[in-house]
Amino acid sequence: MLSRLVLRAAPAALRALPPPPLAVGVLHATRQLHTTQQSLAPLPPLPEKGGEVRHGLIPEEFFQFLYPKTGVTGPYMLGTGLLLYFLSKEIYVVNHETVAAACILSVIIYGVKRFGGDVAAFADKLNEEKMAKALAVKNEAINSLQAAIDEEKKEQWRVEGRTYLFDAKRNNVAMLLEANYRERLMMVYNEVKKRLDYQVAMQTLKRQKEQEHMIQWVEKNVVQSITPQQQKESVAKCIMDLKALSKGAHAAL
Amino acid sequence: LPSPVLLKDMKLMDVKLGQLPSWLAMRDFTPGGIAGAFRRGYERYYNKYINVKKGGLGGISMVLAGYVVLSYIWSYSHIKHDRRRKYH
């Protein structure tokens, strides 16, 4: 436990020391220092190809590292020398495992050389399908969101017309009120007219009845008062008038 | 364009031989630091050879070759007895 404390304290103690004089190293400006904060979003896209590997075993950087001093054949000479050294000093022992390794390696290399291209194409196709699916989902999401945005804009445009809507509604209500008012006015007029007509009809009826009754009563009395004597006198006078008239007509002719 | 850089921030390939002991002393040797170093190494290898769009055979074949070499080294004391000559 105390050792762990010491281990923890050691780097902190070392850092607490005054920093050593700045070591001026020839550092290319393009290499990133460990102190820079790398931002994680948006993620950079995956690199297309991995690091170059020669013969499937040795990274290309090794060949580039030896190129300035030894040219192109340098690493191969190094490899050959090392192999001969291991064989001669029997650091690499040739036994039954060597034969097994040779057979296995030859089979593997034959398989890779022959089927490598097809397997790579198949894997690429799988990757393409995955990417296409993800892209389709993303595009569909974008499209649906765009459609939602358009719908929202249209709704906003529609809201602008609400003044007209309310004006029309107000007009409707006013018209309804007006129509109702006029209906009732008409009804009042009709009712009043009916009552007044009734009164007028009553009065005319009463006057008619009075007139008829009076006429009948006067006629009856007159007829009663005509005595037979008067009747004879009136008839004789009528005949004399008629004779006179006829004489006058004869004379006119 | 050479820029003055603190010793502890430089990468290993840029450290001069004379500065190597002081550089080693400044590294983080706590268990967390060592685990961090393993994780960094793994992420470097992974992001360079495996986490790419068109990865090749080299990515895993290097790991398998390293495993073969390591297992040979671990069993060398046993293989020594199959040597054909006693003196080289």
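**Cysteines, helices and surfaces**

Reply: Let's start with a cysteine: Cys103(A) is partly exposed, at a relative accessible area of 46%. Here buried means under 20% relative accessible area, exposed over 50%, and partly exposed in between (1.4 Å probe, protein chains only). This is a predicted model, where local features need pLDDT of at least 70, side-chain atom pairs count only at pLDDT 80 or more, and totals for chains, interfaces and linings use all residues. Residues are numbered from 1 along each chain as its sequence is written, chains are lettered from A and ligands numbered from 1 in the order in which they are written, and side-chain values use heavy atoms, leaving out hydrogens and water.

Me: What is the relative accessibility of Cys238(A)?
Reply: Cys238(A) falls in the partly exposed class. Its relative accessibility is 47%.

Me: How many disulfides are there over all chains?
Reply: A disulfide is a pair of cysteine sulfur atoms within 2.5 Å. Searching the whole structure for such pairs gives a total of 0.

Me: How many helices does chain B have?
Reply: Helices (H or I, at least four residues) and strands (E, at least two) are DSSP runs, numbered from the N terminus. Chain B reads α-α-α-α along its sequence. With 0 strands, its count of helices is 4.

Me: What percentage of the 88 residues of chain B count as buried?
Reply: The cut-off is the one given above for buried residues, under 20% relative accessible area. For chain B, the share is 19%.
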